[in-house]
Amino acid sequence: MHEVGLMQSALELAEEQARSRGATRIHRITLRVGRLAGVEPEALAFAFDVVTAGTMAEGAALQIESVPVVCSCGRCGKEFAPQDFVFACPGCGALSRDVRAGQELELTSLEVSDDGD
Ligand SMILES: [Zn+2]
C-alpha cells in the first residue's frame with residue numbers, strides 16, 4: 001500500500017513545518033489530492049492513523065481536498081474536466097493526454113499549537 005509511504009513523507013513535512021513554528025502538537029493536516037494521484041482517500045486516512053501513532057500528530061484530524069481532473073485539448077485548446085477515464089474533448093472530440101490538474105498530492109495547511117501552557 002503506497003499510501004503509507006506518501007503519508008509518511010507528508011507527515012515529515014508537516015512535522016518540519018510545525019517545529020519551525022515552535023509547535024509541539026499538530027491538530028489538523030490538510031492535503032490536496034488529485035483524482036489522478038493514484039491514492040484512495042480511505043487508504044490515505046488509514047495510513048494517516050498508522051504513521052501518526054506516537055508522533056506529535058497523533059490524534060490529529062486529516063482533511064483531504066479532492067482536486068478534480070482538468071485536461072487541455074491539444075487540437076482546439078479547450079480546457080475541460082473529463083468524465084470517467086476517457087479524456088475526450090467535449091469541443092472537438094479529440095483525445096487529450098495533456099492533464100493540467102488532478103495529479104497533485106500536497107500539504108496545504110497545518111493547524112498546530114505548543115502544548116506547554
Ligand atoms: Zn478540442
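**Entry 1: the largest pocket**

I began with the lining of the largest pocket. I listed Arg 35, Leu 36, Pro 68, Val 69, Ala 81, Pro 82, Gln 83, Asp 84, Phe 85 and Phe 87. I note that this is a predicted model. Next I looked up the volume, and the largest pocket holds about 180 Å³ of space. How do the lining residues divide into nonpolar, polar and charged? I find seven nonpolar, one polar and two charged in the lining of this pocket.

**Entry 2: the zinc ion**

I then turned to the metal. Which residues are the protein donors of the zinc ion? I read off Cys 73, Cys 76, Cys 89 and Cys 92, each giving its SG atom. The distances from these donors to the zinc ion run from 2.3 to 2.4 Å.

I checked the geometry next. The angles subtended by the four donor atoms span 101 to 117°, so I logged the arrangement as tetrahedral. The cut-off I applied asks that all angles lie between 85 and 135 degrees for four donors. For reference, the ideal angle for four tetrahedral donors is 109.5 degrees.

I wrote down the spacing of the donor residues in sequence as C-x2-C-x12-C-x2-C. Cys 76 and Cys 89 link distant parts of the chain, 13 residues apart. I placed Cys 76 in the loop between β3 (70-72) and β4 (79-80). Cys 89 sits in the loop between β4 and β5 (98-101).

Are these two cysteines buried or exposed? I get 43% relative accessible area for Cys 76, so it is partly exposed. Cys 89 comes out at 4% relative accessibility and therefore counts as buried.

**Entry 3: the sheet**

I followed the strands from there. Three of them form an open sheet, and I noted the order as β4-β3-β5 with antiparallel pairing. β4 and β5 stand at the edges with a single partner strand each, so one side of each has no neighbour in the sheet. I looked at the β3 and β5 pairing in detail: three bridges, in the antiparallel sense. Ser 72 stands opposite Asp 98 in β5.

**Entry 4: Thr 52**

Last, I looked up Thr 52. I located Thr 52 in helix α2, which covers residues 41-52. Its relative accessibility is 3%, so I marked Thr 52 as buried; the cut-off for buried is under 20%. How far apart in space are Thr 52 and Leu 11? I have 7.4 Å from C-alpha to C-alpha, with 41 residues separating the two in sequence.

Notes: Residues are numbered from 1 along each chain as its sequence is written. This is a predicted model: local features need pLDDT of at least 70, side-chain atom pairs count only at pLDDT 80 or more; totals for chains, interfaces and linings use all residues. Side-chain values use heavy atoms; hydrogens and water are left out. Donors are N, O and S atoms within 2.8 Å of the metal (3.2 Å for Na, K and Ca); water is not among the atoms, so sites may look incomplete. Four donors count as tetrahedral if all angles lie between 85 and 135 degrees; four count as square planar and six as octahedral if opposite donors are over 155 degrees apart and all others between 65 and 115; anything else is irregular. Helices (H or I, at least four residues) and strands (E, at least two) are DSSP runs, numbered from the N terminus. Buried means under 20% relative accessible area, exposed over 50%, partly exposed in between (1.4 Å probe, protein chains only). Two strands pair if DSSP finds at least two bridges between them. On a 1 Å grid over the protein atoms alone, a cavity is a set of points where a 1.4 Å probe fits but cannot get out, and a pocket is an open set with protein on both sides within 12 Å along at least five of seven lines; lining residues have an atom within 4 Å of a point. Grid points are joined across faces, edges and corners, and a volume is the space filled by probe spheres set on the points. Ala, Val, Leu, Ile, Met, Phe, Trp, Tyr, Cys and Pro count as nonpolar, Asp, Glu, Lys and Arg as charged, and the others, Gly among them, as polar.
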